Amino acid sequence: MGFSDYFAVWDKMTPERQNRILGSIASRKVKKGVIIQNGGEECSGLLLIKSGQLRAYMLSPEGREITLYRLFERDLCLFSASCIMKSIQFDVTIETEKDTEFWIIPAEVYKGVMEESAPVANYTNEIMAARFSEVMWLIEQIMWKSMDKRVAGFLLEESALEGTEQLKLTHENIANHLGTHREVVTRMLRYFQSEGMVSLTRGTVKIMDAERLRSLADH
């Protein structure tokens, strides 16, 4: 399948606009663990994901990370083209969490099509609203949920994404996702282990009692 099969509003665009985009896109394959957008230093263009997984996160002035959201197959990444959205006042870093293949739509080309096409503009606004909803959900988690609930929820989310209860995660990885210190995560995981909810080995967290983790995360 090609680009047109992955772009949600392709059939609602005129042939001229379709050709304009097809004539400008580039395809890339990137290995896991590569930074493809470093804050606000560049405007890479919009990324349409063919396969793989991206992570969008912010860095504190002290260098601490917090995951804002993940992007998967068929997702369109807008924040890699923040230069076309002048109201965006914060820097987002985008990293590949798995080997990823995607198309890059040049920012100016997409902006031109978006200004001419109501379906593309509406689609873009829907994506923007969804991303901000995810960020607002994250803020709610940080403000109102204790760290043990957030760690439990994160482990269950990872297990669902990876399709396994044996997670290849370091304490540092988890801390970076949740915007906290490694020592806090270590303390939580050791408590979970003492309660029989997880088993810890170097670089791995194995979920032993998903129901108890779910009960903890949901209450």
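Visitor: Let's begin with charges. How many salt bridges does the structure hold?
Guide: Keep in mind that this is a predicted model. A pair goes on the list when a side-chain nitrogen of Lys or Arg comes within 4 Å of a carboxyl oxygen of Asp or Glu. By that rule, the number of salt bridges here is 17.

Visitor: Take the one between Glu 95 and Arg 55. How many residues apart in sequence are the parts that it ties together?
Guide: The two side chains meet at 3.3 Å, N to O, and both residues are buried. Glu 95 belongs to strand E7 (residues 93–96) and Arg 55 to strand E4 (residues 54–59), so the bridge ties together parts whose separation in sequence is 40 residues.

Visitor: Arg 55 also lies over the face of a ring. Which residue's ring is that?
Guide: For Arg, what counts is CZ, which has to be within 6 Å of the ring centre and within 35 degrees of the ring normal. Arg 55 lies at 4.1 Å from the centre of its ring, and the ring is that of Tyr 57.

Visitor: Next, Arg 70 and Glu 158. Are they buried or exposed?
Guide: Their salt bridge has its closest N and O atoms 2.3 Å apart. It links distant parts of the chain, with Arg 70 in strand E5 (residues 65–71) and Glu 158 in helix H5 (residues 147–162), 88 residues apart. The cut-off for burial is under 20% relative accessible area. Arg 70 has 8% and Glu 158 has 6%, so the word for each of them is buried.

Visitor: What about Arg 214 and Glu 211: which helix are they in?
Guide: Arg 214 bridges to Glu 211 with the closest N and O atoms 2.8 Å apart. Arg 214 is partly exposed at 34% relative accessibility, while Glu 211 is exposed at 55%. The two sit three residues apart, about one turn of the helix, and that helix is H8.

Visitor: Staying with H8, how wide is the arc that its buried residues fall within?
Guide: The buried residues in H8 (residues 210–218) are Ala 210, Leu 213, Leu 216 and Ala 217. Looking down the axis, you'd find them lining one face of the helix, because they fall within an arc of 125°.

Visitor: On to the aromatics. What is the distance, centre to centre, between Phe 7 and Tyr 110?
Guide: There are seven aromatic pairs. In the pair of Phe 7 and Tyr 110, the planes are 85° apart, which means edge-to-face, as anything over 60 does. This pair links distant parts of the chain, with Phe 7 in the loop between helix H1 (3–6) and helix H2 (15–22) and Tyr 110 in helix H3 (residues 107–116), 103 residues apart. Centre to centre, the distance is 6.4 Å.

Visitor: Phe 7 pairs with Tyr 123 as well. How many residues apart in sequence are the parts tied together there?
Guide: That pair is edge-to-face too, at 5.6 Å centre to centre and 90° between the planes, and both Phe 7 and Tyr 123 are buried. Phe 7 lies in the loop between H1 and H2 and Tyr 123 in helix H4, so the separation of the parts is 116 residues.

Visitor: Which Arg lies over the face of Tyr 6?
Guide: Tyr 6 belongs to a cluster linked by ring pairs, whose members include Phe 7, Tyr 110 and Tyr 123. The charged residue over its face, at 4.4 Å from the ring centre, is Arg 74.

Visitor: Now the surface. What accessible area do Met 136, Ile 139, Met 143 and Trp 144 have together?
Guide: Met 136 is in helix H4 (residues 118–144) and is exposed, with a relative accessible area of 53%. These four residues form a nonpolar patch, and together their accessible area is about 500 Å².

Visitor: Last one: what share of the residues in the protein is buried?
Guide: The protein has eight helices and eleven strands, and its C-alpha atoms fill a box of roughly 65 × 35 × 30 Å along the principal axes. Out of 219 residues, the buried share is 47%.

Key. Residues numbered from 1 in each chain as written. Predicted model: local features only at pLDDT ≥ 70, side-chain atom pairs only at ≥ 80, totals over all residues. Heavy atoms only, no water. Patch = residues over 30% accessible without salt bridge, like charges linked within 9 Å, V, L, I, M, F, W, Y side chains within 5 Å. Areas by Shrake-Rupley, 256 points an atom, 1.4 Å probe, with all protein chains shown as cover. Helix = DSSP H or I, 4+ residues; strand = E, 2+ residues; numbered from the N terminus. Buried < 20%, exposed > 50% of the residue type's maximum accessible area, 1.4 Å probe, protein only. Phe/Tyr/Trp six-rings, centres within 6.5 Å; stacked < 30°, edge-to-face > 60°. Arc of directions from axis to C-beta.
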